[in-house]
Every structure is written in C-alpha cells, then in structure tokens.
Amino acid sequence: MTSHHDMAQAIVSAHQATLGLTPQVRTAPAFSSEAPVYRAAKQACLDLGFIEIDAECLAHAWQAMTLRTGHFSPADWPADPQDFGMRAWPRPDAFASCPKQLGLYAVLPDAAWVVRMARAGVPTVQLRFKSGDAQAVEREVRAAVEAVKGTDARLFINDHWQAAIAAGAYGVHLGQEDLGAADLSAIRAAGLRLGLSSHGYAEMLRADRLSPSYIAMGAVFPTTLKQMATAPQGTGRLAAYARLMRDYPLVAIGGIDGGKLPEVLASGVGSIAVVRALVAAAQPEAAVAKLKAEMQAWMATQEAIQMS
Ligand SMILES: Cc1ncc(COP(=O)(O)OP(=O)(O)O)c(N)n1
Ligand SMILES: Cc1ncsc1CCOP(=O)(O)O
C-alpha cells in the first residue's frame, strides 16, 4: 500500500458500514502534520463523515497506533487510550466515582417528575430544570433532593451546580458549553459526582482531561427534544466511543426507546438516558417497568452467554 489515497481508501472500505455517516459539504482538508498515516487517516475520517475536530483527533491517534504497533492496519480502528494521549488511572484529580452500570437514567423537567420516577424505581434520575429564575431553581433542586430521600435513586442536577452543592445532590451533569462558567474544584471538593456530555472524539477527550464520574454520549438517534449541533451518531460510532472510554461509566442518550435498547446496550454503555420515552409515555410508571425489565433481560442474556 503506497499512496495516501490508497491508505485512506482502505480505512474507509473497512469502516464505512459501521462508522460512516454522510460527509458534510466541506473545503479541502487542513493537515497539521506531514506524517503519511496521519494524512491518510484524516482524509478517511472526513470521508466517513466525522467532523473536522474529530477527524483531527482520530488522525493523530491512527499515527500513534501505527508507531506503537509498528504497522499500518486499516481494519483496526483506534481504541487504545494511550494513542489518544489519555492519562493512566488512577488519577489524583478524579471526581467521586459512581457505579459503572447507572442503568435506566431518566432526564426530567421538574422536581415533580423526579419524585414520580424515583418512586417508580428509576435508579438514576436527573433534574433538567431550564429556568433563569434563581429562586425557582433553588426550590426545584431542593425539592428534587428531598424527593429521592428514602428511594434508591441517584440524583444528578443539570446545569445548576451551586444549588446542587447547597442541597447535597448526588451529582451534577454539565454540557461542554457549561464548563467555562462552572467551578469544577468546588464540585469536586464538595464530593459531588460530575457527569459530562460529549458529541464525538474531541469532546470525549476534553471531558477525559477533567476525569469526570461518567461520560454521556449522544445523540445516538435523532431527537426532537432539542436542536443538536452534530448529526445523530448511530450505534456503530457509539460502540467505538465506548471502547475508547471503557474506563468510565458511560451513558447513551438521544432518541432511545424500548425497541432500540438491545443495540444500544450492545455498544458497551452501562446506562440508557431517556426523556420522551418516559415523560411522553401514556403510563410512565409502566414504561419504567418495561424498560427496566428489558435492560435486565438483556444483561441476563449476556451473562448467560459469557458463562457458556
Ligand atoms: C445524561 C445526559 N446526557 C446529556 C445531556 C445533555 O446535557 P447538556 O449538553 O448540558 O444539554 P442540556 O441538557 O443542558 O440541554 C443531559 N442533560 N443528560
Ligand atoms: C438532552 C439531550 N442531550 C442529548 S440528546 C438529548 C435529548 C434526549 O431526549 P430523548 O430521549 O427524548 O430523545
């Protein structure tokens, strides 16, 4: 295999079926290195539809993997943390840990929904209360923290990290655009868990540098809940993300409902986050029971396969 073009084509051919998305309209690629594998891999990742910053991360990882293994292997997608420059564990600056299997994860619009879903037996819940009214935020966060007392639910608070610390929540969930405004040292010092959103390689690596308690990945499928900046990732990419981020508890989010659970769980994530599958269900408690039963059945089948 000689030219960049042939190397790029070999990568695309090997991974198109599982990782390819329709490439966006783009200008000529920008290369930050002359290294042949880097250049071929950058071209290939762009051709597979990865956004520029993700293609750049992947291309450097391909180059590092090739140097480490001593040969260029187009079929092997990079998934070794060291090829992406990730630090080894344990890490002294890591946030408090949470279980690897966070299970069904309900993302909910107010404290009343948190009460309802915690009582219905959802193991992980999030208050995603979108309001600029500080008093209303404080009230909802306190009510949500009270609501999970006496249940087994772990409560994460979206965005409102100060109120979460003040009320003693289990953890905080932040998006990447929230990071600049949050005092991460205060969250860590208070012992709260930190969950971070990610939408691809560059954001996963940025999240990893902060050693959070879990990493969320999405949107896996199209969602109507919010406008997403990136295309739905699909379960092929989700599985590649999960292989790289295997040291973390992982949460998949975006457009997931009962019918899609097996293929999402097969990617290796330990948690499925949903909004509409519960909030828009005709009978939310029954929907919880069904989703939990489907997840348990899937896990039991995997255990049986591993034992045989
Ligand atoms: C479990 C989980 N994953 C992702 C998100 C999205 O969070 P964010 O990126 O902060 O976007 P908004 O929720 O604020 O719209 C989440 N809330 N929970
Ligand atoms: C908040 C959020 N972040 C990424 S996708 C998403 C919405 C998920 O909602 P749904 O489960 O209804 O698609």
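I began with Gly 270 and looked up what it touches: leaving out residues up to four places away in sequence, Gly 270 is in contact with Lys 100, Gln 101, Leu 102, Pro 249 and Leu 250, where contact is taken to mean that the C-beta atoms of two residues, placed from the backbone, lie within 7 Å. The model is a predicted one, in which local features need pLDDT of at least 70 and side-chain atom pairs count only at pLDDT 80 or more, while totals for chains, interfaces and linings use all residues. Residues are numbered from 1 along each chain as its sequence is written, and chains are lettered from A and ligands numbered from 1 in the order in which they are written.

I then placed Gly 270 in the loop between α10 (261–265) and β8 (271–274); helices (H or I, at least four residues) and strands (E, at least two) are DSSP runs, numbered from the N terminus. Gly 270 counts as buried because 20 C-beta neighbours lie inside 10 Å; the cut-offs are 20 or more other C-beta atoms within 10 Å for buried, 12 or fewer for exposed, and in between for partly exposed, with C-beta atoms placed from the backbone. I also noted Met 299, which is 29 residues from Gly 270 in sequence and 9.9 Å from it in space, C-alpha to C-alpha.

Next I turned to Ala 242, which sits in helix α9 (residues 234–244) and is buried because 21 other C-beta atoms lie within 10 Å. Leaving aside neighbours within four places in sequence, I found Ala 242 in contact with Leu 250, Ser 267, Gly 268 and Val 269. Ala 242 and Val 269 are 27 residues apart along the chain, and their C-alpha atoms are separated by 6.3 Å.

I looked at helix α3 (residues 52–69) as a whole: its 18 residues reach 26 Å from first C-alpha to last, close to the 26 Å expected, the expected span being 1.5 Å times one less than the number of residues. The buried residues of α3, among them Trp 62 and Met 65, pack against α2 (36–47) and α8 (201–209). Just after α3, I saw that Gly 70 takes a positive phi of about 85°.

For the overall layout, I found the chain divided into domain 1 (4–84) and domain 2 (103–307), with bounds that come from an automatic or database domain assignment. The domain centres, taken over C-alpha atoms, are 30 Å apart, and 12 residues of domain 1 are in contact with 11 residues of domain 2. On the side of domain 1 that touches domain 2, the largest share, 4 residues, comes from α3.

Last, I looked up the ligands. I counted 17 residues around ligand 1, the closest being Gly 175, Ser 197, Ala 216, Ile 253 and Ala 273, where a residue is near a molecule or strand if its C-beta atom, placed from the backbone, lies within 6 Å of it. The elements giving two or more residues to this shell are β1 (103–108), β4 (171–174), β5 (193–198) and β7 (250–253). Around ligand 2 I counted 14 residues, the closest being Thr 223, Leu 225, Gly 254, Val 275 and Arg 276.
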